[in-house]
Amino acid sequence: MTEISFYSGVANPLSATAKLVAKAYAQGRRVRVVTPDAAATATLDKLLWELEPEGFLPHVNLASPHAAKTPIIVDHAREHSGAIDVLINLGTEPPPFFARFERMFEIIGRDDEGATAGRERWKFYKERGYPLTHTVMQSN
């Protein structure tokens, strides 16, 4: 069963996601990030190029012909196939494919709309019996 961790009160969800992706990649994990829209996908793409001083984190979007062999996939498409270890959701709804993942992270910003959507997702997963943890971020 997918283990789900919520991080709420995140000052900059895209920056926090980039750091989480880097950590998972350093552990040898394959990562899928679901962004809310094309603009967020493009911004996170840029962050992943700039995060590591020695280079970039190898990533592509879902439509790339290299997606099956690339360890990090960043896209706003609400679909996914193939094997990935970690799912990070920046969207407002549970990704329809979340149950196929070993670990999932829900990143929730400080805005009221995001917090409300986050509470709805928490309720959704809890009603289905998924193991949940919650961390309120004081800085980031």
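Analyst: Let us begin with touching: a contact means that heavy atoms lie within 4.5 Å. This is a predicted model, in which local features need pLDDT of at least 70 and side-chain atom pairs count only at pLDDT 80 or more, while totals for chains, interfaces and linings use all residues. Residues are numbered from 1 along each chain as its sequence is written, and side-chain values use heavy atoms, with hydrogens and water left out.

User: Which residues does V31 touch, not counting residues up to four places away in sequence?

Analyst: With those neighbours set aside, V31 touches V21, A24, P71, I72, I73, I84, V86 and I88.

User: What makes a set of residues a nonpolar core, and which residues touch the most other members of the largest one?

Analyst: A nonpolar core is a set of buried Ala, Val, Leu, Ile, Met, Phe, Trp, Tyr and Cys residues joined through side-chain atoms within 4.5 Å. In the largest one, which has 21 residues, V21, V31, V33, L48 and I88 touch the most other members. Two or more residues come from each of α1 (13-26), β2 (31-34), α2 (38-50), β4 (72-75), β5 (86-89) and β6 (103-109), and α1 gives the most, with seven residues. Another core, of 18 residues, lies apart from it, with L62, M104, Y125 and Y130 among them. In soluble globular proteins, nonpolar side chains tend to be buried together.

User: Why does T17 count as buried?

Analyst: Buried means under 20% relative accessible area, exposed means over 50%, and partly exposed lies in between (1.4 Å probe, protein chains only). T17 has 0% relative accessibility, so it counts as buried. This residue is found in helix α1 and, residues up to four places away in sequence not being counted, touches V33, L44, I88, L90 and I107.

User: Why is L47 called partly exposed?

Analyst: L47 has 26% relative accessibility and therefore counts as partly exposed, since the cut-offs place that label between the buried and exposed ranges. L47 lies in helix α2 and touches L14, S15 and A18, again not counting residues up to four places away in sequence. The C-alpha atoms of L47 and L57 are separated by 9.3 Å, although these residues are 10 apart along the chain.

User: How do you know that the radius of gyration agrees with a compact globule?

Analyst: The radius is taken over C-alpha atoms, and the globule rule is 2.2 Å times the number of residues to the power 0.38. For 140 residues a compact globule would have a radius near 14 Å, and because the protein has 14 Å, the two agree. Along its principal axes the C-alpha trace spans about 40 × 30 × 25 Å, and buried residues make up 46% of the 140 residues.

User: Where does A77 lie, and which residues does A77 touch?

Analyst: A77 lies in the loop between β4 and β5, and touches R32 and L62, not counting residues up to four places away in sequence. A77 and A38 are 39 residues apart in sequence, with their C-alpha atoms 8.9 Å apart in space.

Definitions and conventions. Helices (H or I, at least four residues) and strands (E, at least two) are DSSP runs, numbered from the N terminus.
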